[in-house]
Amino acid sequence: MKPASLTEILGTNSYPGRGIVIGRSEDGRHAVIAYFIMGRSVNSRNRIFIEEGPGIRTQAFDPAKLSDPELIIYAPVRVSGNKTIVTNGDQTDTVFEEMEKSRTFEQALRTREFEPDAPNYTPRISGLLHLEDGSCHYDMSILKSSQGRPESCCRYTFSYEHPLAGEGHFIHTYRGDGEPLPSFEGEPVWIELKGGIDTFTDSLWKSLNEENKVSLFVRYIECVTGKYETRIVNKNK
């Protein structure tokens with residue numbers, strides 16, 4: 001059994017929504033994090049990623065076109081010591097704040113559920129990368145409605161210890177386009193990670209649907225030193 005090709009997965013899905021990738025680089029030296037957003041409405045597409053300290057934030061590209069900031073303006077990435085948090089919503093802040101109180105990733109997300117955007121009830125997807133002793137491990141989570149029924153929240157957490165070089169996992173919000181949008185199902189997809197940061201960023205960006213893609217964030221972090229490189233690609237310029 002081989003890990004899946006991320007570019008092939010994205011190339012056959014016009015609307016995976018928002019997606020998180022975490023894993024280890026092909027050379028084994030770096031932890032890898034990627035996060036992308038897509039949009040169908042004018043409000044969703046009117047965004048860019050900007051750096052905010054060691055993290056990033058979404059921002060309206062044209063403030064005059066921002067009709068509703070809820071669910072689209074947030075900090076997808078925040079850093080707490082040797083831990084990097086990445087999510088598709090304001091639960092980034094929840095995880096950061098709860099971890100500062102010595103609570104776990106899973107405990108923090110117990111206080112949240114899927115997004116209140118009926119009829120989609122978009123899943124909240126989250127990841128936590130932890131560097132330790134020259135290696136890394138990570139957790140991924142999805143909070144989703146039970147078959148589109150808002151009265152029931154399903155909570156799944158997946159943990160990956162000592163990931164192997166050139167491998168990672170991918171989780172996203174939607175299985176594809178539709179009305180309502182069909183939520184992601186199953187566990188995060190085991191994928192291969194090829195090349196350095198620029199090669200990976202370029203291939204990932206080109207794989208996203210041209211009409212629907214909005215922004216992409218990629219970070220390579222040296223497992224031993226914690227030093228990192230970041231790439232941000234925004235469709236709006």
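Contact here means heavy atoms within 4.5 Å. Going by that, and setting aside neighbours within four places in sequence, Asn43 is in contact with Lys65, Leu66, Ser67, Asp68 and Ile72. Keep in mind that this is a predicted model: local features need pLDDT of at least 70, side-chain atom pairs count only at pLDDT 80 or more, and totals for chains, interfaces and linings use all residues. Residues are numbered from 1 along each chain as its sequence is written, and side-chain values use heavy atoms, with hydrogens and water left out.

**Asn43**

- Asn43 sits in helix α2; helices (H or I, at least four residues) and strands (E, at least two) are DSSP runs, numbered from the N terminus.
- Its relative accessibility is 12%, so Asn43 counts as buried (buried is under 20% relative accessible area, exposed over 50%, partly exposed in between, with a 1.4 Å probe and protein chains only).
- The Asn43 side chain also gets to the backbone nitrogen of Ser67, at 3.0 Å.

**Salt bridges**

- The model has 18 salt bridges, counting a side-chain nitrogen of Lys or Arg within 4 Å of a carboxyl oxygen of Asp or Glu.
- Asp177 and Arg40 pair up at 2.6 Å, N to O. Asp177 is in the loop between β10 (167-172) and β11 (189-192), while Arg40 is in the loop between β2 (30-38) and α2 (42-45), so the pair ties together parts that are 137 residues apart in sequence.
- Both ends of that pair are partly exposed: Asp177 has 41% relative accessibility, and Arg40 has 30%.
- Arg124 and Asp90 make another salt bridge, at 3.5 Å from N to O. This one links distant parts of the chain, 34 residues apart, with Arg124 in strand β7 (residues 124-132) and Asp90 in the loop between β6 (83-87) and α3 (91-100).
- Shared partners join Asp27, Arg29 and Glu222 into one salt-bridge network. Within it, the closest N and O atoms of Asp27 and Arg29 are 3.8 Å apart.
- Asp27 is partly exposed at 48% relative accessible area, and Arg29 is partly exposed at 47%.

**Nonpolar cores**

- A nonpolar core is a set of buried Ala, Val, Leu, Ile, Met, Phe, Trp, Tyr and Cys residues joined through side-chain atoms within 4.5 Å.
- The largest one has 26 residues, and Ile20, Ile22, Tyr35 and Leu129 touch the most other members. Elements giving two or more residues to this core are β1 (19-24), β2, β7, β8 (135-146), β9 (149-161) and β12 (213-222).
- A second, separate core has 22 residues, including Val32, Met38, Leu181 and Tyr220.
- For background, nonpolar side chains tend to be buried together in soluble globular proteins.
- Beyond its neighbours within four places in sequence, Leu129 is in contact with Ile22, Ala31, Ile33, Asn82, Lys83, Thr84, Cys136, His137, Tyr138 and Ile221.

- β8 and β9 run antiparallel and are joined by 10 bridges; strands pair if DSSP finds at least two bridges between them.
- Across this pairing, Ile142 stands opposite Tyr156 in β9.
- The two strands form a hairpin with two residues between them, and Gln147 in the turn has a positive phi of about 55 degrees.

Terms used:
Polar contact = N/O pair within 3.5 Å; in protein donor to acceptor, adjacent residues only side chain to side chain.
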